[in-house]
Amino acid sequence: MSQFVSAVISAANALRQLPLEYPQVFAWYTLILRFVFPALAIAMLAKVIRSLINASPKPEVWAVLSLPNGAGEPLSHWENLLGRGESNDVVLNYPVVSRQHAALIRGEEGWTVYDLGSKSGTTVNGTPVSPEGAAVKLGDVLGLGGVETVLLPAPSRQEPEKPEEKPVSPWGSLGILTLFQILTAFHFLLRGEEHILLVPVCFLCLTGLMWIYCTGMGALGRTGFEMETIAFFLSTLSLAVTASSAPGSVPKQLAAIVLGIVLFLILGVFLRDLERVKKIRWLMAAGAVGLLGLSLVVGQVKYGAANWISILGMSFQPSELAKICYIFAGAATLERLFRKRNLGLFILLTGVCMGCLALMSDFGTAAIFFITFLVIAYLRSGDFATLALVCGGAVFGAFTLVSLKPYVLRRFASWGHVWEQASAGGYQQTRTMSAAASGGLIGVGPGEGWLHRVAAADTDLVFGMLCEEWGLVIAVLAVLCIVALAVFAVRCCRAGRSSFYAIAACAATSLLVFQTILNVMGSVDILPLTGVTFPFVSNGGSSMLSAWGLLAFLKAADTRRDASFAIRKQNFHGPQWLSGARTKKEAGYEKN
């Protein structure tokens, strides 16, 4: 054993001297990698991003509602609106049926119907439905104002005429990403600087973790790893920028990635049971307020905001975890959307969170919370008048805050003319733009830049580090990865199983997109520099945990067959897909 350790130390010492004895070898290796890395990134992400953007999840049929005219209306969601209005999932064009008459909800124990305040009432087998709802079994007669329908099981699954579009195979992209990670690890090894073995070992550990996750999920019959592939690619860049700016912190960042994946899995499995989700929503709301309140009470000021807490020498931002709790509490299932004061309580929760962030002077996170609130509130109510009133109140609150704390404006005084204050308020942005310009399309090489010497280069200014060391091509690809996640979330929500999944996914992707916009545009002076991180890329454990946790909401909304681990694996007795049928009649839902 001692001989093996001695051999490893000797090899490390030899590698440490290699760049000094043969500088031309290292220079040529770096030059080649500068062209290889963008090519690998494009080859790896081309299919992944195209698959997410072009994905068209097919509706799933969980039951059939037989109508009085003999037609069969497929129920393609877990939550279905029944009524006379054209926007309902099942349209019953009868005068006695209200515009939004009832909601038919699928749960773990079966189907439940809720009357939505209709004038003519709702019955199950002739028994009026109470305000708490009534259970509906297959074969039961559901009456809406005297119009009788029958709940029937979904027809047996048949092979569609047109094969269902499957997610792209992950193994090719994972192989390219593995080569990308190995070349990066070898590059940092050849640089021969501090922590010569620590940094490469962390890259190889990430490679092993990536393969363990994907092969394990594949063995369980899961498909569709595009989102995880993107997250692993961005996490690789995070390790690289951390290795450039703070090599000793690379193990901490790797640990944050591991914890993030664990949170991703736990949250995804927890989201399987919507009844359990509904019970814990109040606890998550209290968690969001508690985390922000903890920062307000014992938080330490860092970069102008009191949002850091140190425990046993470890610093973290509770506001990052509060994002997950806030979205969890804000999303709602369909039957809760029709209860009074439901949106009012969410507005109250938002006001408390925004107030805490304002008192902490964390205006970047406050802006992110407010945009997320607008998305959730619109999806929950569609009430533009209420949202306009809330926006007016937010503007009034902002002016009040500025009048009480005039120094807040001074933090944004250099916005738009940082070159006039290049040595003062615009110091960070001017250095970021200079470094980004020096990187060109292919960059100067990992760890070969100088921007990492500027404060917050690997967090708030990380886009500049990507442009300088990795080049504009990879920096733009990193942004496109976030955009692809957003496009995919919107497409999935159209065929979403539950309004909770749809609202949570849209809110999470809106948060990721807006946070990316603030980080990228703030670092180049298009927007004020607000001090927010680039999801998955910036150095920081709290930010990494938050990004992986938010990804779980997007994964839960994936309706492609066996793609979402938040949904139990479908078998032969699962729902019927409409992928091969052009009409409901072809799918077998029309009765003669």
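Contact here means heavy atoms within 4.5 Å. This is a predicted model, in which local features need pLDDT of at least 70 and side-chain atom pairs count only at pLDDT 80 or more, while totals for chains, interfaces and linings use all residues. Residues are numbered from 1 along each chain as its sequence is written, and side-chain values use heavy atoms, with hydrogens and water left out.

**View 1**
Serine 546 sits in helix H18, residues 541–556. (Helices are DSSP runs of H or I with at least four residues, strands are E runs with at least two, and both are numbered from the N terminus.) Leaving aside neighbours within four places in sequence, serine 546 is in contact with Glu320, Lys323 and Ile324. Its relative accessibility is 2%, so serine 546 counts as buried. (Buried means under 20% relative accessible area, exposed over 50%, and partly exposed in between, using a 1.4 Å probe and protein chains only.)

**View 1. Helix H8 packed against helix H17.**
Helix H8 (residues 318–330) and helix H17 (residues 499–523) pack at an angle of about 145 degrees, and their axes are 9 Å apart. (Axes are lines fitted to C-alpha atoms, for helices over the stretch in contact, and angles run from 0 to 180 degrees between N-to-C directions.) The crossing of H8 and H17 is right-handed. (A crossing is right-handed if the near helix is turned clockwise from the far one by less than a right angle, and left-handed if anticlockwise.) From H8, the residues that meet H17 are Lys323, Ile327 and Phe328. Across from them, H17 brings Phe500, Ala504, Ala507, Ala508, Leu511 and Gln515.

**View 2. An open sheet of 6 strands.**
Read across, the strand order is S3-S2-S12-S11-S8-S9, with antiparallel pairing. (Two strands pair if DSSP finds at least two bridges between them.) At the edges are strand S3 (72–75) and strand S9 (127–128), each of which pairs on one side only. Strands of a sheet pair through backbone hydrogen bonds, either parallel or antiparallel. Strand S2 (residues 63–66) meets strand S12 (residues 147–153) over 4 antiparallel bridges, and serine 66 stands opposite valine 150 in S12. Strand S8 (residues 122–124) runs antiparallel to strand S11 (residues 141–144), joined by 3 bridges. Here threonine 123 stands opposite glycine 143 in S11.

**View 3. The hairpin of S11 and S12.**
S11 and S12 are an antiparallel pair with 4 bridges. Leucine 142 has threonine 149 in S12 as its bridge partner. The hairpin has 2 residues between the strands, and glycine 145 takes a positive phi near 60 degrees.

**View 4. Leucine 67, in the loop between S2 and S3.**
Leucine 67 lies in the loop that links S2 and S3. With 13% relative accessibility, leucine 67 counts as buried. Not counting residues up to four places away in sequence, leucine 67 touches Glu73, Val90, Leu92 and Thr149. Leucine 67 and valine 150 are 83 residues apart in sequence, yet 7.0 Å apart in space, C-alpha to C-alpha.

**View 5. Two loop residues with positive phi.**
Most residues other than glycine have a negative phi, and most peptide bonds are trans. Alanine 456 has a positive phi of about 65 degrees although it is not a glycine. You'll find alanine 456 in the loop between helix H14 (427–439) and helix H15 (462–470), where it is buried with a relative accessible area of 5%. Phenylalanine 536 also isn't a glycine, and its phi is positive, near 75 degrees. Phenylalanine 536 belongs to the loop between H17 and H18 and counts as buried at 1% relative accessibility.

Searching the whole structure turns up 0 disulfides. (A disulfide is a pair of cysteine sulfur atoms within 2.5 Å.) For cysteine 202, the closest cysteine sulfur is in cysteine 205, at 6.1 Å, so it is too far for a bond. Cysteine 202 counts as buried at 5% relative accessibility, and cysteine 506 counts as buried at 14%.

**View 6. Zooming back out to the whole protein.**
The protein has 18 helices and 16 strands. Of its 592 residues, 53% count as buried. Among contacts with a separation of 6 or more, 69% come from residues 24 or more positions apart. The protein exposes about 25500 Å², and carbon and sulfur atoms supply 64% of that. (Accessible areas come from the Shrake-Rupley method with a 1.4 Å probe; for residues, only the protein chains shown count as cover.)
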